[in-house]
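Please have the viewer open and follow along as I talk.

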Amino acid sequence: MSATAQEHNAGHAPEHTKRDFLKLVAASGAAIGVGAIAWPLIDSLNPSSDVLALSSAEYDIASIPAGQGITVVWRGKPVFVRHRTPEEVKTAEGVKLADLMDPASDESRVKAGHSQWLVVVGICTHLGCIPLGNKTTDARGDFGGYFCPCHGSQYDVSGRVRHGPAPLNLPVPPYAFLSDTRIKIG
Amino acid sequence: MVGLHKSEFKNPVINWIDTRLPLFTMMAKEYGVFPTPKNFNYFWNFGALAMVNLVIMIVTGIFLAMNYDPNTGNAFESVERIMRDVNYGWLLRYVHANGASMFFIVVYIHIFRGLYYGSYKKPRELLWMIGVVILLLMMATGFMGYVLPWGQMSYWGATVITNLFSAIPVVGDSIVTLLWGGFSVDNPTLNRFFSLHYLLPFVIVGVVFLHIVALHITGSNNPLGIEPKDKQDTLPFHPYYTIKDSVGICVYLMVFAVLVFFAPGFFGDPANWTPANPLVTPAAIVPEWYFLPFYAILRAVPDKLGGVLMMFGAIAVLFVLPWLDTSPVRSAKFRPIYRLLFWLLVICCFVLGAVGAHHPNGIWVILGRIGTAYYFLHFLVLLPLLGKFEKPLPLPESISKAVMPVAAE
């Protein structure tokens, strides 16, 4: 017994003892346990399935006359659905990208074959007010699109920002045409 | 100015904090080196398990409260939404509901440990009484929590128990109206129960803190019931009892997991899956299992006020137990007659539990009355007398000497 003890001491002290190994295993086990407990608690804060079920919705757009828009509620937010006149479409398509604060072509912001329809989230990209412009009687700003009364941001008829303080275009939500008169957003 | 604490810690950040607020020194003293009797058995784990359970209840409760609606029109639905739509909502709900049962299992074993080993005796009388306060708070919290899902048993259990207070002479009915906030258990009642159910667990945390402070002043009891005499009799809490408690926690979590994942409805009453209907009384109004013995005592007495007084009296006798038990010997290990009486009490509690679960007919009425009579006889008559007449076994000299081999003569 003492002979082997001497052999051990004659050499170097072991770098990692059995105790170190056990401590590592115990700590790792505890860490995995903490993670397994934390994840369900955190995930329970994520949208529940009833909220997710409302994350896409269908809207009937047949009754919107040309030149006007309506506001629908999608995911708790206002979404403008605007029926553009052919003149408005031509103006929107004709704008040079270099003139834009947040360059984007009109074609990239509408669906092919349905270019008279503009669907954008109606929240000003400055500080979150809802811009005016759906009704023909509304102030629409110098570019004929939308005008935000809070700080004077102006958007054109493609929902692109043309005058600040807003920095970005009105976002286009994911949407698709189920038929010529029905869209599904989300 | 008393003078800054001189911290022993080497790490500069910890030292800076500890000098100004000696949390680290305190933790090292109270849970690091704290001299703990070296002969604890696993029954000494249950206090720590109760603390873990309390934390689990508070955490799951807070997350449940994010989705629960305390309005009678939507309460039941909101719980169903938690079960079906909220991510891991089913887990939160079943951990919380079964956690309540686990909490009472753990605390009842903790209490019976105290009864067996005389942990309520001098100088731990106040520690014991603080513990009884915690039990009362737990019972109030559990009762109100059970009302929240607004099922049939929630509603009718609330009705029965709040109606008890009408037994108080003169002011009884006014008190019940005050409790209800109306003329029956309804929306105002549910809303205030939700508020108080959220509040009381934090009151429990405060009282648990006092419980632990009192414990650290007197030191823990141990299975032999004799005080540690010197360093030989104790061990530092860390690592010996941190590890032993960790083992206990693993077993506890395994039992908890079996309940939650394989039998989540085991302790539940099927009637509570039906939304509350004030016009239909369920066939049997039964509280959750942990209240059954008290329910049995309540119904054992034919008089309404008498039953209420006896039910609260059952807890009141626990309060004054340190003065009822006259024996100078702490641990039942050395008290052969007390040991017998202890087990009779345990059996009595189980019998009362069974009585509480049944309709008060036939044999159950007799058993309920015998059980109630024995319960009070045990505390009010037998224990005071036993101290005078029992001949205890000889106590060992010390904790260490009790485990040392007897020297050959």
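Predicted model: local features only at pLDDT ≥ 70, side-chain atom pairs only at ≥ 80, totals over all residues.

Domains first. Chain A is assigned a domain 1 at 2-43 and a domain 2 at 52-185. How far apart are the centres of domain 1 of chain A and domain 2 of chain A? Over C-alpha atoms, 60 Å separate them.

Now chain B. Its assignment gives domain 1 at 29-283 and domain 2 at 286-391. Here the C-alpha centres of the two domains of chain B lie 21 Å apart. In chain B, 25 residues of domain 1 are in contact with 21 residues of domain 2. On the domain 1 side, the elements giving two or more residues are α5 and α6 of chain B. α6(B) has the largest share of that side, seven residues. By type, the domain 1 side splits into 16 nonpolar, six polar and three charged residues.

Next, where the chains meet. Chain B puts ten residues into the contact, and chain A puts in eight. Which elements of chain B give two or more residues to the side that touches chain A? They are α3, residues 46-65, and α5, residues 89-117. α5(B) gives the most, three residues. On this side of chain B we have six nonpolar residues, two polar and two charged.

On to the cores. The largest nonpolar core has 45 residues. The members that touch the most other members are Ala50(B), Phe103(B), Val106(B), Val147(B) and Trp150(B). Several helices of chain B each supply at least two residues to this core, among them α3, α4, α7 (152-163), α9 (187-218) and α10 (237-262). The most comes from α5(B), with eleven residues. Zoom in on Phe103(B). Leaving out residues up to four places away in sequence, Phe103(B) touches Ala50(B), Asn53(B), Met57(B) and Met138(B). There is also a second, separate core of 22 residues. Val81(A), Val110(A), Val120(A) and Ala166(A) are included in that second core.

α5(B) has come up in each of the last sections, so let's give it a minute. I'll take its length, then its burial. At 1.5 Å a residue, its 29 residues should span 42 Å, and the end C-alpha atoms are 41 Å apart, which agrees. Where does α5(B) bend? At Gly99(B), by about 25°. Is α5(B) largely enclosed, or is it open? 21 of its 29 residues are buried, so the rest of the structure largely encloses α5(B). Just after this helix, Gly118(B) takes a positive phi of about 70°.

Now the backbone details. Two cis peptide bonds to look at. In chain A, the bond from Gly164(A) to Pro165(A) is cis, with omega near 15°. Pro165(A) is in the loop between β7 (161-163) and β8 (175-179) of chain A. In chain B, the bond from Lys122(B) to Pro123(B) is cis, with omega near 0°. Look for Pro123(B) in the loop between α5 and α6 (125-147) of chain B.

Arg75(A) has a phi of about 50°. Its place is the loop between β2 (69-74) and β3 (77-83) of chain A.

Last stop, Phe319(B). This residue lies in helix α12 of chain B, residues 304-324. Phe319(B) is partly exposed, with 18 other C-beta atoms within 10 Å. What does Phe319(B) touch, not counting residues up to four places away in sequence? Met129(B) and Val132(B). Pro396(B) is 77 residues from Phe319(B) along the chain, and their C-alpha atoms are separated by 30 Å.

That's the tour. Over to you for questions.

Notes: Residues numbered from 1 in each chain as written. Chains lettered and ligands numbered in written order. Contact = placed C-beta atoms within 7 Å. Helix = DSSP H or I, 4+ residues; strand = E, 2+ residues; numbered from the N terminus. Nonpolar A, V, L, I, M, F, W, Y, C, P; charged D, E, K, R; others polar. Domains from an automatic or database assignment. Core = buried A, V, L, I, M, F, W, Y, C linked by C-beta atoms within 7 Å. Buried ≥ 20, exposed ≤ 12 C-beta atoms within 10 Å, placed from the backbone. Expected span 1.5 Å × (residues − 1). Bend = angle between axes of the 7 residues up to and from the residue.
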